[in-house]
Amino acid sequence: MADIRPVKVGALSSKAAASLPNAALNASANGALYGGIGGALNESGDGRLQNAAGGAIGGAVGGAVLAPLLRGGMATGTFARQNIPGVDQAVSSVGNVFNKMANRAPDRPAAQQQAQRIIADEMGNGTIATGMGTGSVPLTAETVTDEIAKRDLMGIPAMPADLSEQLRRITSWSLQGRGAMTTKARAALGERQAKQGQRIRDHVQSELGPAVDPIKAVDDIRYRASAEAAPNYRQAYNEGMTVSTEMQEIMKTPAFKQEAAKAFKEIRDYGGNPKDFGFIQRPDGSVDFGETPSLEAIDMIIKKIRMDIPRNPLTGRPELDSSNFRASGMASGLDEEARKGSPLFDTAKSKYADEMAIRDALEQGQNVGKMSGHEIAASTRAMPEHAQEAWITGARTSLADNAVAAGQKPTANVAQNTRNKVGLSGAGSAASPGDVVKVDAIENLTGKPGSMGRLDDRLEAEDQGFKTFSEAFLNSKTNARESLDENLMAGITQTGRDLLFGNIASAVGGVLFRGTAKGSFKFKQDVQDSIAEILTETKPDNIKAAFEAIQQRAAHDRKFSALLNKAGVQVSRLSATQLGGADGDPIQTE
């Protein structure tokens, strides 16, 4: 479970509360010093020594009282402005008169200011999430704006909430509200999640190539390969081959004669003339070749044998048993000898895939999610060019179609599902190396250097978007956001503790925050609305403006805090100096 820290809504943080006693001690010490100096410089009355002692004591007491009163008074005023209905409007109205006279922008509503403070505080605790939530780039207005713009260019409707666990956490809390903006934000998250499958289909096509109708793709690749290969094969067939002793021995076997008879019958059944292919039918009905066998007929027999052998649907490799082992070996021997006897045939076979190879390659590619990197590398290593094209076509089509199918489930993490299928990192709560061999094998087949890395970037951003959706809608009521809300709604015990230790401002703020629905809870809802509006925005320009305002608010608060501290000390110094420099005798004036 994430670390739960209270968000400051309508109450001082523990750090701010602790600063009040510290301020009193600091002011008391300053008061004693300046009171002592002021008394030592005054010779009247009981003399310098007595005056110095009195000034130091008075300055210490006065400083200890004045500084907390000043700081506590201003803090209590802030609580009232944030929590009591009508106070903020009244103060803003008065202040805005002076802002208008000074040509300054009007003050923002207190709830919006508080929302900006909460976001600014959380930004200081995190980094831009990359690699399954890890990252080293700090969260600033500039880095948030740049990251959102980068993801927007990739076609991802990213939100600031996606960029870190801290921002996602407070977004989840804000979405518990029931204001207009929280309602709109919840709808936006739901709509974005519903379209994740289609977006990831687009990401796959952008990086790996278009998804297609697999059946039509096989036909297109086969026809193109046949058209391109036909001249090479025809030239090789016409030229013939040198028949080696090894091929002659194979041709004498009963198994070969049986396969030759099948090829003879097939040619005749389809209206061809077996004699054109070099076949001879003897008087006893047996089929044989003449003195020089036809290379085309030998190629036909090789293809027929291989087509009859079943293949593993996952890897495309022949599934050999006792009945087809010898047939496969014979086909391999014929192919090897035919290639040796005809260099033109060897070139054509190496360059072009036949119909069976194309079909098998596309089917293998569709099983990309089930294959390991080594299986893919082994299956495609010896493939001709057109078979490799069929493999990657089947793979990217399968990935794209699976993304849409997975996206039909409203709560599916389609990005992680796709990552797992292609071997990319991100299988756990921290970045993992993934199946590097698989990633490399797929990228090599795409012919697009860097494609898998770019796809990983897209899926990483989509995965972070899913985490925002999951945190807001899928986590149980016992999750981090409920604990966060409990911290925000600290009970009477804390208020009593604040009073006991003199933390008046925090005590007043706590009581106000637990006030009526028209007061504190209305303010809480307004804060939630503002946070939800900022952290679920998807337009880069709007996000840029919002985070620049958050940065300005943080800078303003730091400056104000410094001035407040300085004011408390200066008041105690002035009072102590005046006290130490006074004596009991009246000053005569003329």
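Author: Let's begin with one side chain: Arg192 counts as buried because its relative accessibility is 9%. Buried means under 20% relative accessible area, exposed over 50%, and partly exposed in between, with a 1.4 Å probe and protein chains only. Before going on, note that this is a predicted model, where local features need pLDDT of at least 70, side-chain atom pairs count only at pLDDT 80 or more, and totals for chains, interfaces and linings use all residues. Residues are numbered from 1 along each chain as its sequence is written, and side-chain values use heavy atoms, with hydrogens and water left out.

Reader: Where does Arg192 sit, and what does Arg192 touch?

Author: Arg192 belongs to helix 7 (residues 180-194). Helices here are DSSP runs of H or I with at least four residues, strands are runs of E with at least two, and both are numbered from the N terminus. Setting aside residues up to four places away in sequence, Arg192 touches Pro157, Ala158, Met159, Asp162, Arg199, Gly465 and Thr468. Contact means heavy atoms within 4.5 Å.

Reader: Is Phe473 buried or partly exposed?

Author: Phe473, found in helix 20, is partly exposed, because its relative accessible area is 35%. Leaving out neighbours within four places in sequence, Phe473 is in contact with Arg186 and Leu189. Phe473 and Gly190 are 283 residues apart in sequence, yet 9.0 Å apart in space, C-alpha to C-alpha.

Reader: How do I read burial along a whole helix?

Author: Start with the geometry: an α-helix has 3.6 residues a turn, so residues three or four places apart point the same way. Now take helix 19 (residues 436-446), where Lys438, Val439, Ala441, Ile442, Leu445 and Thr446 are buried. These residues are on the same side of helix 19 because they cover an arc of only 165° around the axis; the arc is that of the directions from the helix axis to the C-beta atoms.

Reader: Which helices are included in what covers the buried residues of helix 19?

Author: The cover includes helix 8 (196-208), helix 16 (373-381), helix 17 (385-406), helix 18 (414-422) and helix 20 (451-473). Just after helix 19, Gly447 takes a positive phi of about 70°.

Reader: And how would I describe one of those packed pairs?

Author: Two packed helices are described by the angle between their axes and the distance between the axes. Helix 16 and helix 19 pack at about 35°, with their axes 7 Å apart. Axes are lines fitted to C-alpha atoms, for helices over the stretch in contact, and angles run from 0 to 180 degrees between N-to-C directions.

Reader: Which residues meet there?

Author: Gly373, His374, Ile376, Ala377 and Thr380 in helix 16 meet Val437, Lys438, Ala441, Ile442 and Leu445 in helix 19.

Reader: What's the wider picture?

Author: The protein has 25 helices and two strands, and 44% of its 590 residues are buried. Among contacts between residues at least 6 apart in sequence, 72% join residues at least 24 apart.
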